[in-house]
Amino acid sequence: MRMFDWPPVWLAGFGILAWVLTKAMPWPLFGLAGDVVGYALVALGIILMAAAAWQMFRARTTVIPHRDPKALVTGGVFRLSRNPIYLGDALVLAGLALIWDAALAVPLVPIFIFTIQHRFILGEEARLRAAFGAGFDAYAAQTRRWI
């Protein structure tokens, strides 16, 4: 079961739940503005995820959760957020809720954030603190967890 415990699987699950909610209980609210903002959020989320993954690849550290980091990446998009990939996931989910006009799915975004924080981020931060000590603490003090 652990092989399915990856953030993209959680994002897909929340995305499917958002889609089911809009089909089961349609409540059109956002219209064309929702489409425009939604596609922008999805695009921004994908760009953010790709930029963060590229920076981690260049630093020769893992993007795979539950693995030990080999480098502390603090520049680029990591100056904006300690978790730009997870932030990108949340933006994609929010964008899909707007595109699908799934007003009842919007509350899934903070639930997703809570889930990701407890399933992945807290453990990752503990591993970063263990590996990089004061360097991670200084980074965490100046850069917010989400945004």
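At 16% relative accessibility, does Asp101 count as buried or exposed?

Analyst: Asp101 counts as buried, because its relative accessibility is 16%. The cut-offs go like this: buried means under 20% relative accessible area, exposed means over 50%, and partly exposed is in between, using a 1.4 Å probe and protein chains only.

Before going further, a word on what you're looking at. This is a predicted model, in which local features need pLDDT of at least 70 and side-chain atom pairs count only at pLDDT 80 or more, while totals for chains, interfaces and linings use all residues. Residues are numbered from 1 along each chain as its sequence is written, and side-chain values use heavy atoms, with hydrogens and water left out.

Now back to Asp101. You'll find Asp101 in the loop between α3 and α4. Helices here are DSSP runs of H or I with at least four residues, strands are runs of E with at least two, and both are numbered from the N terminus. Have a look at the backbone too: the phi of Asp101 is positive, about 55°, although Asp101 is not a glycine. Most residues other than glycine have a negative phi.

Arg60 also has a positive phi, near 60°, and Arg60 isn't a glycine either. Arg60 sits in the loop between α2 (31-58) and α3 (84-99). Arg60 counts as exposed, because its relative accessible area is 68%, whereas Asp101 is buried at 16%.

Next, go to Ala102. The C-alpha atom of Ala102 is 8.5 Å from that of Lys23, although 79 residues along the chain separate the two. Lys23 belongs to helix α1, which covers residues 7-24. Lys23 is exposed, because its relative accessibility is 54%.

That brings us to α1 and how it packs. Two packed helices are described by the angle between their axes and the distance between the axes. For α1 and helix α4 (residues 108-132), the angle is about 160° and the axes are 11 Å apart. The axes are lines fitted to C-alpha atoms, for helices over the stretch in contact, and angles run from 0 to 180 degrees between N-to-C directions. Angles under 35 degrees count as roughly parallel, over 145 as roughly antiparallel, 65 to 115 as roughly perpendicular and the rest as oblique. So α1 and α4 are roughly antiparallel to each other.

Which residues of α1 and α4 make the contact? On the α1 side they are Pro7, Trp10, Leu11, Phe14, Leu17, Ala18 and Leu21, and on the α4 side Leu108, Ile111, Phe112, Thr115, Ile116, Arg119 and Phe120. Contact here means heavy atoms within 4.5 Å. By class, this contact of α1 with α4 has twelve nonpolar residues, one polar and one charged. Nonpolar covers Ala, Val, Leu, Ile, Met, Phe, Trp, Tyr, Cys and Pro, charged covers Asp, Glu, Lys and Arg, and the others, Gly among them, are polar.

Now follow α4 to α5. The axes of α4 and α5 come within 6 Å and cross at roughly 130°, which makes α4 oblique to α5. Here Glu125, Leu128, Arg129 and Phe132 of α4 meet Ala134, Gly135, Phe136 and Asp137 of α5. This contact of α4 with α5 divides into four nonpolar, one polar and three charged residues.

Leu72 touches residues from that contact as well. Leaving out residues up to four places away in sequence, Leu72 touches Leu128, Phe132, Gly135, Phe136 and Tyr139. Leu72 is in the loop between α2 and α3, and counts as partly exposed because its relative accessibility is 24%.

Ile147 is exposed, at 65% relative accessible area. With residues up to four places away in sequence not counted, Ile147 touches Leu80 and Leu87.

Finally, zoom out. The chain has five helices and zero strands. Of its 147 residues, 42% count as buried. Among contacts with a separation of 6 or more, 79% join residues 24 or more positions apart. The C-alpha atoms fill a box of roughly 50 × 35 × 25 Å along the principal axes.
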